[in-house]
Number of protein chains: 2
Amino acid sequence: MGAPITLYVDSLFLSPYAMSVYVALTEKQLPFEVRPVDLEAGEQRMQPFQCRALTTRVPALTHADFNLTESSVIAEYLDEVFPAPAHAALYPADTRQRARARQIQAWLRSDLGALRQERPTETVFYGKAGQPLSDAAHAAAAKLIHVASLLVGVDQTALFDTWSIADTDLAVMLKRLSLDDLPDPLRAYADAQWQRPSVQKWLEHNAAARA
Amino acid sequence: MGAPITLYVDSLFLSPYAMSVYVALTEKQLPFEVRPVDLEAGEQRMQPFQCRALTTRVPALTHADFNLTESSVIAEYLDEVFPAPAHAALYPADTRQRARARQIQAWLRSDLGALRQERPTETVFYGKAGQPLSDAAHAAAAKLIHVASLLVGVDQTALFDTWSIADTDLAVMLKRLSLDDLPDPLRAYADAQWQRPSVQKWLEHNAAARA
């Protein structure tokens, strides 16, 4: 029985970054409590959340007396504190593959802004159609498809030798284009990620919050 | 004599992310070649850069036959391949401090967008004054100062026990407010970072590119 873990997520379970940490904790089979934070009411800027989360953003993790925000950073922390083989690995063991997994995560968090804006996760989780893509979002979609196609071949269900958390993040980004054009191998890859029990559990939370 | 290292940077030496990797390589005392990429001419989307850099962004690193983009990811890679004590450490050795250093980096790369836009690095490197901050940028500046003030006390010259690459990144973000209001301890902290020989070498490149 380890120190308690609490994961703070947006109360609508729409944040792809909260989802990423939720999946990470679930893949590691760690017991944790989920605490919704009402972003629309500004709860992230109020106590007690504000003093737990330095950057006042979700997701935030509390592990014993240690607080941490930023999803990819939390994944790195979990992989260090709860390492393989006792727990599932979130990152590849090989140095170069690990670097490539981090590269995907960092890129998805800092590029393709127009696509993220015009195809929010309501598209991903609710199947909500959006307006036609603007030129900027169209360019971002083209870049995403180009890069993902370099990484994901036909019938490929993981970026590297085994699953990594970068697979979840890439699948979410691809799912933003579910109702737009998405090449078959990429659609199949994202769908395969969606079948993981850890992702399905997140989707259940999402559906329950919507109901 | 190790495998050759090439760092691709924007040809104006204005990218804070290119600077971060430049400083990382210099702190590690690794020999490397600097290759400018002309972003205004779209060289990042042309060969040969495009096939070297998966995400077609600077900075990009080539180490032997391995290519990598995304500045914080390159820093992690360098810290794994050229570890302390033979080379300077870029991240703290302690798990929690390392997580906090990564947290700062990830936050600076994914938040405060209005401040980054209205106080571009021309402000930092050229001392170029900008328009008064918009409401959004003002809020970002207030958040930056709030968070940084929680981390940096009077006469403190590093976030953690020893210098880390997060110090360079935080200093650059703070320097965006050089001509605005910046509390004295934060100004002194950023100025102390600026005195590091690794940062001074970057500034020489920047000045030469401007001349």
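Tutor: In chain A, helix 8 (residues 165-175) and helix 9 (residues 184-194) cross at roughly 120°, and their axes come within 9 Å. The model is predicted, and local features need pLDDT of at least 70. Residues are numbered from 1 along each chain as its sequence is written.

Student: Why is helix 8 of chain A called oblique to helix 9 of chain A?

Tutor: Angles under 35 degrees count as roughly parallel, over 145 as roughly antiparallel, 65 to 115 as roughly perpendicular and the rest as oblique. The angle is roughly 120°, and therefore helix 8 of chain A is oblique to helix 9 of chain A.

Student: Which residues of helix 9 of chain A make the contact?

Tutor: They are A:Leu186, A:Tyr189, A:Ala190, A:Asp191, A:Gln193 and A:Trp194, where contact means heavy atoms within 4.5 Å.

Student: What makes helix 3 of chain A roughly antiparallel to helix 4 of chain B?

Tutor: Helix 3 (residues 71-81) of chain A packs against helix 4 (residues 95-110) of chain B at an angle of about 165°, with the axes 9 Å apart. That angle makes the two helices roughly antiparallel. Among the residues in this contact are A:Glu80 and B:Arg102.

How values were computed:
Chains lettered and ligands numbered in written order. Predicted model: local features only at pLDDT ≥ 70, side-chain atom pairs only at ≥ 80, totals over all residues. Heavy atoms only, no water. Axes fitted to C-alpha atoms, helices over the stretch in contact; angles between N-to-C directions. Helix = DSSP H or I, 4+ residues; strand = E, 2+ residues; numbered from the N terminus.
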